[in-house]
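This report covers the disulfides of a protein chain and one of its sheets. The model is a predicted one.

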Amino acid sequence: MRTHLAAVEVNAGNMLPSQKLRLQSLLLACCAFLAAGGLSAQSRAQVDLLVAEQLASRGVADVLVVFDDYPDLTGAADLVTKEAKSRYVFEALRQNALRHEPLLAELRRRGVTVEHLWAANAIHVPASDAQTLALLREARGVERLAAVSKWQLDDLERREADAPDPTHDLQARAPVPTWGVRFLGADKVWEMGIRGKGAVVAGADTGYDWTHPALVGKYRGSKAGGGVQHDYNWFDGVKVAFPGTDDKNPCGFDVKQPCDDGSHGTHTMGTMVGSDGVANQIGVAPEATWIACRNMDRGNGTPTSYLNCFQFFLAPTDLAGDNPRPELAPDVIANSWACPESEGCDPSTYPAFTKVIGALRAAGTVVIASAGNDGRSGCATINDIPARVEGAFAIGAHDSLGQIASFSSRGSFAQDGSVIRPDVAMPGVAVRSSVPNNGYAFFSGTSMSGPHAVGVVALMISANPALRGQVDTIEAMLRRSATPAAAPADDECSIPGQEVPNNVFGYGRGDALEAVRLAQAYVGAVAVSEREEGWLRLSPNPTADRFALELPESWSEAELVVTNVTGQTVLRKRVQQSPTELSSAAWASGVYIVTVSHEGRRRSERLVVSH
């Protein structure tokens, strides 16, 4: 939903006088910051130049502090169930977050407002003065200080493809499934008795009208007896008005029940799960349930508002943001938004998004991202977060004839075209769905195509619950099931001579019926502990200083060997009883391989140590 602006090289020789003056002011501000803060050239953290500009102009800077000690989450791959993966990732991240408590405590002692984004291994300090910035830059483990809010766009710079189509009756009722549902073959999947039951989808957007007739019965917070529970099902990532905006948001801020301050979020959720029974069959997976997070204030976001929602989906919380429960994480997330450099998402903040999206994947959640609406600007226009982030599954848009939408952004952001984007294309032109106040409207944009993909994932999981948490497998099935589509004849974005995949359609047009058939044929993952006779349990895992090792009763007098990731042995001993408590206090933080051998049988598990 964000504006995608083409990159412009800064060349002082071609600058207007006003631009040269701004650059000079920026450099002076940077020098003043370094002098005022007493920061030396030997400081460890990188500092975004715009941090200095904010400090010079406002006296404080809005800063995202990114740490460099992200834990290794690869051990989650050995776990089968989504709940186990989610718990593993959550515990690893929360253990890792304990390292930052001394810094957080010092900031709070100084009266500094701080927000802990543990899932991204970062903290947000919205009003950092020179002394606070100096402390942050010198703090142990801080990798970089990035400016959160940079500048506001002129209204003339805003280009939205997600506008209603005036050629359609916005309140018209459609007694048949929408064209997108039929194009995907989702209605054929329904005939098989598969409608999304058992799958949980999530949306991060402008908010949601949860009382809409097409949505209210699918909201996870709606109770059978008529009650409602918003804890763990809704989170508002917009706590206060963003810099440069007013405080007149129609929903307010930090609201305790779903609310849509535009119409975009309600429309996207309708495409995922919407149905009011018979008259309006708008959702791809009408029996799936949904949870949600608001990450924008009237269409504007910041890195922290977007990261807040990703963190909520990793481990949903109560309305106060406390008591996280990773077992309630959704199966798939729709992200019909983009965070451009104008909102603070640039190379300085990319690492935070890469980490949190990687964590969601490791925890078994599919991250769907709309590709963007800048296709008319040509190649390499899939260049904003989250669609360009490794680990996000990018979705382009096509029309009812299967032709690529002119606005659908093209890949690749890699100079040689080698990184294929989008992954697949889905319906995204004149899509009819729900809007607030019980209405319906036709919108166009990749914002509409992404939710179609989310609905397909929900159908796949409903068809075969063994797929829950198997992100790589689900994505491979989405690509394999797509109907191959060659790029248009005038395409210059793709690798020459390679028809499929290409940087226009990706692997082709989505096909829900074929994706579900592949899902039904999936036999399921096998846990590492089930591949060999016997079993081995380590708890807690991740751990800080101590852990317990449990073995079958028959495995007495087993040999234990623990090695680090380089193969160096850190512990070797005989295990004579189960459970056996072991100390990891002297080991460096990282991943270790714990191997137990007994009478020719051998078992290994990964152990994450995070001090």
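The link between Cys 379 and Cys 493 is left-handed, with -85° about the S-S bond. This pair connects distant parts of the chain, 114 residues apart. Cys 379 sits in the loop between strand S10 (366-370) and strand S11 (393-398), and Cys 493 in the loop between helix H12 (471-481) and helix H13 (512-521). Cys 379 has 35% relative accessibility and so counts as partly exposed, while Cys 493, at 11%, is buried.

A search of the whole structure finds 4 disulfides. With bonded cysteines counted along the chain, their pattern is 1-2, 3-4, 5-6, 7-8.

| Disulfide | S to S distance |
|---|---|
| Cys 251 and Cys 259 | 2.0 Å |
| Cys 339 and Cys 345 | 2.0 Å |
| Cys 379 and Cys 493 | 2.1 Å |

The disulfide of Cys 251 and Cys 259 is left-handed because the torsion about its S-S bond is about -80°. Cys 251 counts as buried at 14% relative accessibility, whereas Cys 259 is partly exposed at 24%. For Cys 339 and Cys 345 the torsion is about 90°, so that disulfide is right-handed. Both Cys 339 and Cys 345 are buried.

The sheet is an open one of 3 strands, in the order S15-S16-S19, with antiparallel pairing. Its edge strands, S15 (537-539) and S19 (580-583), each pair on one side only. From one strand to the next the twist averages 30°. S15 pairs with S16 (residues 546-550) in the antiparallel sense over 3 bridges, and Arg 537 stands opposite Glu 550 in S16.

Technical notes:
Residues numbered from 1 in each chain as written. Predicted model: local features only at pLDDT ≥ 70, side-chain atom pairs only at ≥ 80, totals over all residues. Heavy atoms only, no water. Pairing = 2+ DSSP bridges. Helix = DSSP H or I, 4+ residues; strand = E, 2+ residues; numbered from the N terminus. Axes fitted to C-alpha atoms, helices over the stretch in contact; angles between N-to-C directions. Disulfide = S-S within 2.5 Å. Buried < 20%, exposed > 50% of the residue type's maximum accessible area, 1.4 Å probe, protein only.
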